[in-house]
Structure formats: C-alpha cells, structure tokens
Protein chains: 2
Amino acid sequence: MYDLLDRLSIVEASAFVAAPLAAMTLAQLGAEVIRVDMIGGGLDYNRWPLSKETGRSLYWAGLNKGKKSVAVNLRDPRGRELVQTLATRPGDDAGILLTNFAGLPWLSQEVLEEKRADAISVAVKGSPDGSPAVDYTINCAVGYPHLTGPDTTPVNNVLPAWDVGCGLHAALAIVASVDRRKRTGRGGRAEVALSDVAMAMVGNMGQIGEVQRNGVDRGPIGNDLYGAFGRDFGTSDGRRVMISAITVKQWKGLCRVAGIEQTVAGLESALGADFTDEGQRFEWRKVLFALIEKWSGAHTLDAVGAALTEAGVTWGPYQTVGQMLADDWRASEKNPLFQTVTHPEVGDVLTPGSPIDFRSLERLPVTPAPALGQHTDQVLAEALGLDSGAIGKLHDDGIVAGPVQGA
Amino acid sequence: MYDLLDRLSIVEASAFVAAPLAAMTLAQLGAEVIRVDMIGGGLDYNRWPLSKETGRSLYWAGLNKGKKSVAVNLRDPRGRELVQTLATRPGDDAGILLTNFAGLPWLSQEVLEEKRADAISVAVKGSPDGSPAVDYTINCAVGYPHLTGPDTTPVNNVLPAWDVGCGLHAALAIVASVDRRKRTGRGGRAEVALSDVAMAMVGNMGQIGEVQRNGVDRGPIGNDLYGAFGRDFGTSDGRRVMISAITVKQWKGLCRVAGIEQTVAGLESALGADFTDEGQRFEWRKVLFALIEKWSGAHTLDAVGAALTEAGVTWGPYQTVGQMLADDWRASEKNPLFQTVTHPEVGDVLTPGSPIDFRSLERLPVTPAPALGQHTDQVLAEALGLDSGAIGKLHDDGIVAGPVQGA
C-alpha cells in the first residue's frame, strides 16, 4: 500500500493545463482520478504538440497520466446527470469534483449539494469575478513580459507558469477540503483564479512593495539575475552556461576558480565597493560580468562546470529539450522520476511520475495517459454499479462512448 | 474557526523562494509556521528588492507572511538542539520540519527520528542527487530560454517558476505526510528536487514526446501562442494587448468583432485551409495576425477589450507592475485577495493572502511578515515551555535573539 492519497477518488471535468495538472498531481500520489470528457474529446484533446505518427496530442497524453477516461455526451441531460452522480458518490474519500468549467450551472456547488449535502468541488477560473482568462492573458497583465528579455519590447513566457501555480493550489485545495470534511462533516466549494495566483506571486516576490514603497517600476535587465550576481556566459566550445553567485561563499568560490581574486580586490579598493554585498555585486555587475566572461570564454563547458562545482557555485548549461534528453542524466531513466511507458494514443515516451520523493515509500510506477473513453465501461460498472444491460443502453443512446477502435 | 490547516504546526529552516513559499502557502491556510533563522538573518534576509526607507528586504517580507520568526544561533550546538526540539515536538499536527538545507546533517531525518520516531520532514533540493541548483540554473537546462523571445539567443525567465512549482509540491507533501501519519502512525522524509519539478513539467507539456516521437526540438516563436491563435497586438492609443483564440468559439468571435469573417472565408478557400482547426490557425498565423493587427491598431485598448469581451475571446492588457496597481481592480483592495497591511520591517504594502477562495469560509485576515526574531521569546515559552529564566540565559549566551530594537 502506497498509503498516501490512494483513498481519494476525484472526478475531473476540465481542459487545458491548470485543472488537468491538479488532478494528475494527485493521481501521481495514488488518487483515483476519473476524467470525464465529451465524446470525441474536449477542448484540449487536439492541443499541440501532436504525434506525427498517430495525430494524437502529446500534450493531452502529458497532462492526463494515471487517470481513468470516461467519454460522455456532456450536452445531453442524461450525460450530465451521470457526471453529477459520479462526482457525488458516497464515501469519505469520494464526492469530489475538480473543474475549470467554473461557470457551468450543471456543475455548480448547489447542484452537487442536491445530490450530496457535503459535496466538495474545486474550480479553477480566470479572474476572481469569473471572467475568462488563460495563462497568456494573465501573464501580460502582471508585468513579467516587461521584465523579460533585453529591452522594453514585451516578451511572453513560454512556460504556462500561472497554470502550474494555479493547478498546484487546486490540488492543495482538494486535499485540505477532504481533510476538513472528515473532521467537520462539511463540504463546500473552493475556487482558485489564475489572476489571483499571479498577482499574489507578484506581491510575494516583493514587487508590489517595490512600486508602493520605493516608487520603482522595474524595467528589463536581460538575462542578469536581479539583485545579486548571475548571468549567462559563453564557453570556448560554443556553449552557454548560467552562473549564479548569490551567497558570499558562492561569490568567493567563483572569484577563486576564475582566478580574479586579486583583480576583484583591486576593483573594490578603486571603486570603494564591497562585493561581499550582493546588492553591490548587482550594481557593478557589468564590470564583474566582463571578468567572468573572459574566464569562461577560455574554457570548455565541461571545464567551466567542473571548476564551478568544485567551488560550490550554482551553475547550469543551456540546453534545448533535445540536448537535455541526450546529455542530462536527470532527464533519463537513470533518474527514478522517469520511466519509458507506452501511452495508448501516442506510443512510447520517457514519462515522469510525481516529483515528490517520499523516501520511505517505493515510488509508484509511472503510468501513461489513457485512451479517450478507455475506462467508460469500467467506471460505469464499478463506480456506479450499472449492469451490462444499462451500460449497453447508454452506448446505444449515444450518452457514453468507449475508446475509438483502431485509433 | 477557519477549520482548514489551523491545527498544523510547522518548523521552517530555509531561505530564498521555494521552501519559504511552501510554508507561507500553508500559513495562509491557517497553519502555524515557526521560521527559524540565524541571528542577524539568513541567506535571503537581504535579498533585493530592499525598501529604500528602511533598507529591509521587500522580498523577505513577501515570502514570510503570517509566520512566527525565531532568531537562533544555528552555528552553536545548543541552537541546533533547540531547532531539533522544536521540529520534533509531540502532537498529531506538530513534529514537522520544512527545509531547503537538504544536506545539513543536523537536520537529517535520522537525527529528527532520534527525538521523535514519527517525525516528518520535507526537504527542497536542487537536483535529485543533492547537488545544489537554483531556479536560473535549472531553467537554462530544460529548454525554455531557447523557446523564449524572438530569436535563438536564450532568454531567461524572470519569474522563478520552478521555485513556485517546487514550493507548492513541498506544501502538498507536508499535508499528505501528516494525513498519512495520522492513519498509519508513520512519519518520514519527502524530498522535492527543483530539477525534477522542471523536467517533469517539460514532460507534462508534451515536449519530451515531441523530441522522442516527432524528432522535433522546437525553436523560438516569439510572442506567438504555440499551436493555436494568439499574440500581442498594438492598439491605436499605444498600448499592447494579448489576444488568444484557442477554441473554435473564440476564433469565430474574434473574426466577427474584427470584421474579418468574409476575408477569412475567402482566405480559407484560396488556401484550402480550415481555420476552425487550431493547428491550421497556427500554421497560417502570420497571415491571420496581419488581419487582426489592422483591426486592433485602429481602436483604443478600451474599445478592443470591450469588443473581445463581448465576443468571449480571452485577452489581457500588457501592464507593468505599476500600471497593474494603478489600473487593475484585481490588484487592489477591491479584490478580497488583497489587504493593505503594515509589515514591521518595510511598512504598509498591498498584500495578498491565499489565492484559494474557500467560498463557504470567511477568508483569513491577511497577515504581514514578522520582524526577524519577533516571536523568539513567545515560541520558547509557549512551544517549548521554557520559563523566563531559561529564556534569559539563552539570550545571555547568544543562543537566541529577539528583534533588533529600533530597526
């Protein structure tokens, strides 16, 4: 027994990143997640990247690992009723809905509570007033594109970081809600707005205070690390390396391996500066960058990395995803995070499990995403107790569907 | 009674973003978090941005909201013993350590278990083998800088998104570990590596599959939204707006309000294309962008936004943090996420609480970060049951400290 979230059973009606990631995070800690989708696939079923071999979505396969897939006609009242019944099943660890269809009346808390008074639902939404938004339309509004890149042209983030933050908050909301229901007997709704996650994080990083207390609306500084020492540097073999020296120990180690201790001491005297202060390293960074650049540019990536490791300086190579897969053991089966598994719709892929390593527990096997509708009959039979006649009729009436044959 | 995580008591020994964010996330859901720091402040106590009024860190104030601060001489065996004792206090909901000093022998699980057999500890680390890393030195290694910005020059992320993801996983690990201990009587260690969080997410987004199944190592596409329709567009009043049309409904709404339905239909015939397919919208995006640009550039931001809202298209304005605070109600006290509170070390700042909105519960009041050492005496008395004589002696011996007077 894995003994973590194995008891939980969650019904997910969602699409895209945040909510699917929330449920997958819990599935990878042992929870049963029953994802319901429109027959033929929901809004995210064809999201790029697609497998060039099967045409199916590598993205969908990535965000639905370890789930059961039920295909339902969500436009039909009988299909909706079926989802409501699934999401309000009895049991301390069932009766949990996760959705990003926050405004849908038929998935409202009120409707769920008619079927189960202590129903739990967690909804991901765009803005706190319920208006729609996606990661991109929030990110632009919280200032990061103005801080990213070398100049004032806004640069979008490629990673949907707010979706990630929002989804992980939703996962936490589910676990906290279930714990509370066990203690108090009360269910309820929790909502997480993408914009709230983003704007809270801007505050958490001190950037609201920076505007309000200092009157500073920060501008872009390219690849420089803000407030301490760090940037990307070239190496003699045409690679780039990120070097960061935030602590005094890291800074001193960097000066030592780069052979610039004397020069830096001289500079400190000449400038009246003290580079053990991280802020002064930042203020004089152009000068210091030039010294490090000279050193890094004279050595290969391997040599630079070995010296930095020896000195306790944090560093990393710039890699494309392809280079990472070719060169970095952390993104391979040498790392127990990963296993190569066969996803029914896209084939064999090196696939991560949960990034949480409970040291005293065996890791759960990494499980692939299902085919759409793969578990329709199983869930109807086991979770809802329908017999084969009733299940057959739901198929005949077009209320549910199994996997597409030969897909 | 807020009835969520109010019962939990967590000892945090950490610095920077991931671990402090993990504990703060739980504090903002009601948990008691006792953050212990070196007397005079830990590695992150002077991180930028600093308040120009007090010289204190707005960043530290941002990431330690709602915690109790205890200042301890962590280099002294008696100080270390004190932290170990705090972190292994009896009680179902105590005996929990969160740290990012993953390699410190005196905070190892083995040491904690000597004091409490079912101790729980959660450690954030750089790479799975324990080698150090920070957000920047992981981000460069997982491919995103190569995908960000207009060309092949790598562009660093400014948001420490991997820290955020790692911290939220750590928060989840704590809650899951406590739940498991209650059921099974077993404690244990959980570890979350920054690189595992990042590399797992690259896999989750389908990018490992893209390399392995399709042989494609994706390059940069600037501000374009990958795989569907989206980009930033200028408006007649010199603003920029992010427009995203991922679903068919959004795309049709966009064509309607931009007045390009006929043109698009003509284009589809001429090209033999079907723009209800998100992938084809992406493939022909340059043509489609030019049409939308013509429309957006002829109208003000307000007019463009109103039209897009009416059409159900997701959009957002580009804003600096200053503009966000000036113009956006979501980043103001009109949004219950935020309250203006006085942080002892940096003054009044608009401050977020938890982004999770438990609809049936009153929100907890937003609480500021403590002054360093503000709760030293309180915690020693209440949590450890020391009398004033014992506490006085710890002060006299330089093992603990209270807040700096007049700071």
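Predicted model: local features only at pLDDT ≥ 70, side-chain atom pairs only at ≥ 80, totals over all residues.
## A strand under cover

Let's start with strand β3 of chain A, which spans residues 68-72. It is mostly covered, with 5 of its 5 residues buried. Look at where the side chains go: Lys68(A), Val70(A) and Val72(A) point one way, while Ser69(A) and Ala71(A) point the other way. Residues on both sides of β3(A) are buried.

## Its two neighbours

Strands of a sheet pair through backbone hydrogen bonds, in either a parallel or an antiparallel sense. Here you can find both kinds. Strand β2 of chain A (residues 32-38) pairs with β3(A) in the parallel sense over 5 bridges, and Met38(A) sits opposite Val72(A). To get from β2(A) to β3(A), the chain passes through helix α2 of chain A (residues 58-63), making a right-handed β-α-β crossover.

Another partner of β3(A) is strand β13 of chain A (residues 400-401). These two strands run antiparallel and are joined by 2 bridges. Val72(A) turns up again here, with Val400(A) as its bridge partner in β13(A).

Now step back to see the whole sheet. It is open and has 8 strands, in the order β13(A)-β3(A)-β2(A)-β1(A)-β4(A)-β5(A)-β6(A)-β12(B), with mixed pairing. Which strands are at the edges? They are β13 of chain A and β12 of chain B (356-358), each of which pairs on one side only.

Strand β12(B) pairs with β6 of chain A (residues 188-193) in the antiparallel sense, over 3 bridges. In this pairing, Glu191(A) stands opposite Asp357(B). A helix packs on the sheet too: α3 of chain A (residues 77-87) touches β1, β2, β3, β4 and β13 of chain A. The direction of α3(A) makes about 170° with that of β2(A).

## Where the chains meet

Trp48(B), Leu172(B) and Arg213(B) supply 6% of the area that chain B buries against chain A, more than any other three residues.

Notes:
Residues numbered from 1 in each chain as written. Chains lettered and ligands numbered in written order. Heavy atoms only, no water. Buried < 20%, exposed > 50% of the residue type's maximum accessible area, 1.4 Å probe, protein only. Helix = DSSP H or I, 4+ residues; strand = E, 2+ residues; numbered from the N terminus. Pairing = 2+ DSSP bridges. Right-handed = clockwise from strand over helix to strand, strands pointing away. Contact = heavy atoms within 4.5 Å. Axes fitted to C-alpha atoms, helices over the stretch in contact; angles between N-to-C directions. Buried area = accessible area lost by both parts, 1.4 Å probe.
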